[in-house]
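Biologist: Thanks for sitting down with me. Could we go through this model together, one question at a time?

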Amino acid sequence: MSKVNLRAVAYPTLGIVFVIVLWQLYVTMFNVSIAVLPTPAQIAQSFVSDRAALVSQGWVTLQECIYGFGLAFIVGVPIAFVIANSPVLNRMFYPLLIAMQSVPKVALAPIILVWLGTGIESKLALVWLVAFFPIVVDTAAGLRNTPVSLLELATSLRATRMQIFTKIQMPAALPHIVSGAKIGVTLAVIGAVIGEFVGSNEGLGNLLLVANSQLNTPLAFAALISLAILGLGLYGAVALIEVALQPWLPHTAEAA
């Protein structure tokens, strides 16, 4: 392992260890109630004793995030292509996208629950809503930033619209698409939890509500940490895909 990679791992690890030690000392020295703030050791004990519930409910939330994010990506990229290549449609629908993003998803959740019920469909809709906007905006920005000289060259060579999209615009927009995907996949966890808060009998969000209602604060913190780990894992998966796409990324993106 190189010195740079070692530092990239060592510094965050030291930061986490420092926070855990400080947390443990604070709760122990001031005798803070477990119902208010459990110690890291008590949270770790909850991870062990409640591991079955955390794993099973985490799997539910993970499925909601993956399916909803996948739907947002599959729908968002074509819509971004249409918006980026049609000034008329851009003027017609871009304000609607901004308005939709401005509405708090917590306010939309009860309405979606009435429409789609308490099953996984309502959770997928909320994940789609929060992940859709960054994917569309970043992809459209990347498509618009395609070098004009390349587009003119492709047009002079009588390339079709699909050839221009697949051979020129898509490779040029890949860094933006990946950036939007990174933002969208982390927001997907938030969307899934909102759906589980409003109406669900499963998932880490529901487990968090149950733990709070029972004043089981260590389990509540364990569920929160599990959500953070879930978000980091999904972000890491997108980052790995970015590494796999390096041969198709523009040289400027690689250099950055």
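Modeller: Happy to! One definition to begin with: a residue is called buried under 20% relative accessible area, exposed over 50%, and partly exposed in between. Please keep in mind that this is a predicted model.

Biologist: With that in hand, how does Val17 count: buried, partly exposed or exposed?

Modeller: Val17 lies in helix H1, which covers residues 3–29. Its relative accessibility is 43%. Because that value falls between the 20% and 50% cut-offs, Val17 counts as partly exposed.

Biologist: Which residues form a nonpolar patch on the surface, and what is their accessible area together?

Modeller: Val17 belongs to it, along with Val21, Leu25, Tyr26, Met29 and Phe30. Together the patch residues have an accessible area of about 630 Å².

Biologist: What kind of aromatic pair do Tyr26 and Phe30 form?

Modeller: A search of the whole structure finds four aromatic pairs. In the pair of Tyr26 and Phe30, the ring centres are 5.1 Å apart and the planes are at 45°. Planes under 30 degrees apart would count as stacked and over 60 as edge-to-face, so this pair is tilted.

Biologist: And how far apart are the ring centres of Phe69 and Phe73?

Modeller: These two are four residues apart in helix H3 (residues 51–85), so about one helical turn separates them. Phe69 is buried at 14%, whereas Phe73 is partly exposed at 31%. Their planes are at 40°, so the pair is tilted, and the centres are 6.4 Å apart.

Biologist: Over which ring does the charged end of Arg144 sit?

Modeller: The cut-off asks for CZ of Arg within 6 Å of the ring centre. The charged end of Arg144 is 5.9 Å from the centre of the ring in question, that of Tyr94.

Biologist: Where is Arg158, which has a positive phi although it is not a glycine?

Modeller: The phi of Arg158 is about 60°. At 75% relative accessibility, this residue counts as exposed. Its place is in the loop between helix H7 (148–156) and helix H8 (161–198).

Technical notes: Residues are numbered from 1 along each chain as its sequence is written. This is a predicted model: local features need pLDDT of at least 70, side-chain atom pairs count only at pLDDT 80 or more; totals for chains, interfaces and linings use all residues. Side-chain values use heavy atoms; hydrogens and water are left out. Rings of Phe, Tyr and Trp (its six-membered ring) pair if their centres lie within 6.5 Å; planes under 30 degrees apart count as stacked, over 60 as edge-to-face and the rest as tilted. Buried means under 20% relative accessible area, exposed over 50%, partly exposed in between (1.4 Å probe, protein chains only). A charge sits over a ring if NZ of Lys or CZ of Arg is within 6 Å of the ring centre and within 35 degrees of the ring normal. Patches are made of residues with over 30% relative accessible area and no salt bridge: like charges are joined within 9 Å, nonpolar side chains (Val, Leu, Ile, Met, Phe, Trp, Tyr) within 5 Å. Accessible areas come from the Shrake-Rupley method with a 1.4 Å probe; for residues, only the protein chains shown count as cover. A salt bridge is a side-chain nitrogen of Lys or Arg within 4 Å of a carboxyl oxygen of Asp or Glu.
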